[in-house]
Amino acid sequence: MIPIQNTTEIHWSTELAQAIKSPAELRPLLGLSEQDLPDAQKAMTSFKMLVPRPFVSRMEFGNAHDPLLKQVLADDIEMLHVEGYSKDPLDEGNHNPQKAIVHKYERRILVITTGTCAVNCRYCFRRHFPYGDNQLAQKEWDSVIDYLKDHPEVNEVILSGGDPLMLKDSQLRQHIARLNDLPQLKRLRIHSRLPIVIPSRINDELLDWIGKTRLDVVLVLHSNHANEIDQSIADKVTLLKQAGVTVLNQGVLLKDINDSVEAQVELSEALFDAGILPYYMFTFDPIEGGAHFDISVEEAQRLMGQVAQKLPGYLMPKLAKEIPGEPAKTVLAPHL
């Protein structure tokens, strides 16, 4: 591992501002050459590269095939047209009844809080999402509240994006306070990769507003490989759990990154050691630009069948696929 961070924690926004934005910036940090990490200008024009330094610090020095690096490194292979891969693989455009709301499932809605992330994962299924048409200004949260009042069957709100924890805590505090006043709501779910790539995002301000809501808070992290989990993350998860937060993880099966029995077993073990419960492992959503990450559903089922032989049931994430138009996620049985 490479010593990029100081031991003294700095504010997450500062760490975000120092994020890596090109392969050229990464090369000296990882001891790699231009041949190892080409510039990939075309790919970065299509989808910008953004990698926080705390995440880089967990990459293996000198390894151009590091599983964390491969998730975030721009590559011009993304520009190849591959049949069957689209800009909206989950058909979210047809479940976007009004600005910033995705309503696919009866009793919960997803709110696009922001179009920005702390890390640009190259396999992201929303890398082409029209965030510009779905950005909510502070005053536009009235429309979310009105939508919820018009749909009393909804009892759970999911904050997503982008990454909802990119918002300032003062903004989140205001939004959560308004949701808190709706008696129909029971749960607040937050989908975020930010605590994985910048653990300092779990700070006193965040813990304060979480501790003041009556809603049951579920934080669904996104981690794909055991090397993403270290003591700094485990320490933050401890604080979250002390605040009453349920902490889960969902990942994506990615070719040559975590599509092995060893990688999956080590990920589940590392998550549980850090206080995080494995929740979902998704098959790849066929997003345009990400075909090189894909493995077949049959391969995924065979792989997770082998993983099931190594882990107790509570460490086995549900293998699932999101199929456009279906009323729930499709859980796939591992092939034993």
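**Close-up views of the cavities and the core**

**View 1. The second largest cavity.** Pro195, Ile202, Leu221, Ile233, Lys236, Val237 and Leu240 line the second largest cavity. A cavity is a set of points, on a 1 Å grid over the protein atoms alone, where a 1.4 Å probe fits but cannot get out, and lining residues have an atom within 4 Å of a point. This model is predicted: local features need pLDDT of at least 70, side-chain atom pairs count only at pLDDT 80 or more, and totals for chains, interfaces and linings use all residues. Residues are numbered from 1 along each chain as its sequence is written, and side-chain values use heavy atoms, without hydrogens and water. The space in this cavity is about 30 Å³. Helix H10 (residues 231-242) contributes four residues, the most to this lining; helices are DSSP runs of H or I with at least four residues, numbered from the N terminus.

**View 2. The largest cavity.** The largest cavity contains about 50 Å³ of space. Among its lining residues are Leu90, His95, Lys104 and Tyr105, together with Glu322, Ile323, Pro324, Gly325 and Glu326.

**View 3. The largest nonpolar core.** This core comprises 98 residues. A nonpolar core is a set of buried Ala, Val, Leu, Ile, Met, Phe, Trp, Tyr and Cys residues joined through side-chain atoms within 4.5 Å, where buried means under 20% relative accessible area (1.4 Å probe, protein chains only). The residues with the most contacts inside the core are Leu26, Met59, Leu148, Leu159, Leu179, Leu188 and Leu240. Helix H6 (residues 141-150) gives the most to this core, with five residues.

Note on methods
Buried means under 20% relative accessible area, exposed over 50%, partly exposed in between (1.4 Å probe, protein chains only). Helices (H or I, at least four residues) and strands (E, at least two) are DSSP runs, numbered from the N terminus. On a 1 Å grid over the protein atoms alone, a cavity is a set of points where a 1.4 Å probe fits but cannot get out, and a pocket is an open set with protein on both sides within 12 Å along at least five of seven lines; lining residues have an atom within 4 Å of a point. Grid points are joined across faces, edges and corners, and a volume is the space filled by probe spheres set on the points.
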